[in-house]
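Biologist: Could you take me through this model slowly, and set each term against its definition as we go?

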Amino acid sequence: REKQLVKSHTHNLDAYNKYLKGIYYWNKWTPDMMRKAIGLFQETLEMEPDFAPAYSWLANSYIIMGAMGTMRPELSYPKAQENAAKALEMDDELYDSHLAMALVNMFHDWDWDSARDHLKRAMELNPGAGQVHYILGMYHQAAGRLRESVKDLEQAVRLDPFSIPINNHLTFVYYASGQYETALEQIEKTLELDPDHRSAIEMKGWGYLAMGDLEKAIEQFKYYYSLTPGDFNGLTSLGFTYARAGKTDEAMDVLDKMKQRAKNDPEAQLDQDLILLYVGLGDLDKALYHLEKTLESRLGG
């Protein structure tokens, strides 16, 4: 980090502290915390306009907001691209800059060759950074190479054992590769780091669902919903599980609330959520309709 500070020409401790606080909020991986992170990175850049790491993390924040559907991809992804390009312009020897552009290549451009090139350069610049192996794991996961993804994420955890997003994402790839018991063990490690981490709490529900315990999954998703601000947020996984459990009335109530959320929050893009819910309800025509909309907007990568 000291090398990065010199290269980025910042000696402003207040700006650097805002930047670190932004990363702290970013690691919470919730829409409200991500917005706080964006605000702090922007404040950092107002104080230090040449501070490349803040541009890279600002790009990362917009990518996540777009991928989660919290901000429409046509708004978030161009902002991510602009900030990633600025980070590279400020310092192309900073591995963070290459990681930011790799994420833009993956989620916005679907340019896997460029993503691979930036990841390769990031690895050359800092092979000991957990974040490099984390994004490489996401790259292999997107390419369907789950075995490589698991190895990448396990290495990322070894290098950065206290990173909550890295620990949480390792759980996800364990699930995806069918290692359900290992996934549940991993999620407990994440929750030891932050018992209130909402993404990890939701992930635990998916673990129960993958193992066929619908009642435990419903209880876990209810708990997740109780921690999510607003009456119309955090319902997708619960609605899907209601549908899978044959609780159609409850699932339809979730669907109504999601439609209300779409009216209340025009910035949100809920097509991914609606795909899942309609699949659970067995309405494949509507699921296909929303799938086509996600492909049009490149939501979720």
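Biologist: What makes helix α12 largely enclosed by the rest of the structure?

Modeller: In α12, R198, S199, A200, I201, E202, M203, K204, G205, G207, Y208 and L209 are buried, where buried means under 20% relative accessible area, exposed over 50% and partly exposed in between, with a 1.4 Å probe and protein chains only. Because 11 of the 13 residues of α12 are buried, the helix is largely enclosed. Those buried residues pack against α3, α10, α11, α13 and α14, with contact taken as heavy atoms within 4.5 Å. This is a predicted model, in which local features need pLDDT of at least 70, side-chain atom pairs count only at pLDDT 80 or more, and totals for chains, interfaces and linings use all residues. Residues are numbered from 1 along each chain as its sequence is written, and side-chain values use heavy atoms, leaving out hydrogens and water.

Biologist: Which residues of α7 are buried, and why are they said to be on the same side?

Modeller: In α7, A115, H118, L119 and A122 are buried. They cover an arc of only 100 degrees around the axis, which puts them on the same side of α7; the arc is that of the directions from the helix axis to the C-beta atoms.

Biologist: Why is L288 called partly exposed?

Modeller: L288 has 45% relative accessibility, and therefore counts as partly exposed.

Definitions and conventions
Helix = DSSP H or I, 4+ residues; strand = E, 2+ residues; numbered from the N terminus.
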